[in-house]
Each structure stands twice: as structure tokens, then as C-alpha cells.
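Here are some notes for a colleague who is opening this entry for the first time.

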Amino acid sequence: GWTAMEIEEARRGTSLVVTPTGRLDSGSAPDFEARLGEDIDGGAHDVVIDLSRLDYISSKGLSALLSAGKRMKRAEGRMVLAAASGAVRQVIVISGFDRVFELHDSVDAALGG
């Protein structure tokens, strides 16, 4: 069955770390994108997407990241990806998203970067 995605958010200094858990696909991507949109509109202009708890990302999930990234650009902010591993990292690299977004090995590296 379809389940809502769990999304954790934590402030780290001036940054907002957003951690989606599970699968980012056609079922969860709209919610994820909406949440990021609310964050950006609410003034979050330095966002790190922590991908360490993501098991799977589909093309719909990638589109959600892309549109949030574009929205962030318009807000003149920064959105980076961190801690992707395994299949999720593969999808990001194969689709060229590591050239669209900064891709950091860890959240700490992303915050320090």
C-alpha cells in the first residue's frame, strides 16, 4: 500500500537539514516537493538534503529535487545533496544530478562546504 513519506527536519546553525526516509517516488515526491517549497518560501535559504535514509529514488523523485532546486535558485539560496549511498547514489550519478547539485559525502561536509 501507499504510505506517506517520513521527512525529518533539523536546524544546524543557519542551515536546514532535510532527511527523507524510505522511497522517493511518484507516491511521495509531491509531498516532498511541497515541503521543500514551504521551507524555501518560509525563508530557508541554505538547505542540505540528507539522503542517508533514502532506499530508493525514481525519476519522479529526481524531478522533485530539480524543481525544489530551481525554486531555491530563484530565492538566491543554496540547496545541496549529502550522504547518498548505494543505489540512490548510483541513480544520482547516472542521471547527471551530481553535476546539477553539489553532492557531499556527509551532512557535516555539506554544512562545512
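1. Is Ala-84 buried or exposed? Ala-84 counts as buried, because its relative accessibility is 6%, and the cut-off for that word is under 20% relative accessible area. Please keep in mind, here and below, that this is a predicted model. Ala-84 is found in the loop between strand 5 and helix 3, and, once its neighbours within four places in sequence are left aside, it is in contact with Leu-51, Arg-89, Ile-92 and Leu-103.

2. Along its principal axes the C-alpha trace spans about 35 × 25 × 25 Å.

3. Of the 113 residues of the chain, 43% count as buried. Among contacts between residues at least 6 apart in sequence, 68% join residues that are at least 24 apart. The chain exposes about 5,900 Å², and carbon and sulfur atoms supply 47% of that area.

4. Which residues touch the most other members of the largest nonpolar core? They are Phe-32, Val-47 and Ile-49, in a core of 27 residues. The elements that give two or more residues to this core are strand 2, helix 1 (29–41), strand 3 (46–50), strand 4 (54–57), helix 2 (59–74), strand 5 (78–82) and helix 3 (86–94), and the largest share, five residues, comes from helix 2. As background, nonpolar side chains in soluble globular proteins tend to be buried together.

5. Not counting residues up to four places away in sequence, Phe-32 touches Met-5, Ile-7, Val-18, Pro-20, Leu-24, Ile-49, Ala-64 and Leu-65. A second, separate core has seven residues, and Val-80, Ala-82, Ala-83 and Ala-110 are included in it.

6. Strand 2 (residues 15–24) holds Thr-19, which is buried, with a relative accessible area of 7%. Beyond residues up to four places away in sequence, Thr-19 touches Glu-6, Ile-7, Glu-8, Asp-50 and Arg-53.

7. Gly-22 lies in strand 2 too, and is buried, with a relative accessible area of 15%. With neighbours within four places in sequence left aside, Gly-22 is in contact with Arg-53, Leu-54, Asp-55 and Tyr-56. Its C-alpha atom is separated by 21 Å from that of Asp-98, which is 76 residues apart from it along the chain.

8. Asp-55, a contact of Gly-22, has its place in strand 4. Is Asp-55 buried or exposed? Asp-55 is exposed, with a relative accessible area of 58%. Apart from residues up to four places away in sequence, it touches Gly-22 and Val-88, while the C-alpha atoms of Asp-55 and Ser-85, 30 residues apart along the chain, are separated by 8.9 Å.

9. A last point concerns charge. The chain has 13 positive and 17 negative side chains, and the centres of the two sets lie 5 Å apart.

Key: Residues numbered from 1 in each chain as written. Predicted model: local features only at pLDDT ≥ 70, side-chain atom pairs only at ≥ 80, totals over all residues. Heavy atoms only, no water. Helix = DSSP H or I, 4+ residues; strand = E, 2+ residues; numbered from the N terminus. Buried < 20%, exposed > 50% of the residue type's maximum accessible area, 1.4 Å probe, protein only. Contact = heavy atoms within 4.5 Å. Core = buried A, V, L, I, M, F, W, Y, C linked by side-chain atoms within 4.5 Å. Areas by Shrake-Rupley, 256 points an atom, 1.4 Å probe, with all protein chains shown as cover. Lys, Arg positive; Asp, Glu negative; His and termini not counted. Charge placed at Lys NZ, Arg CZ, Asp CG, Glu CD.
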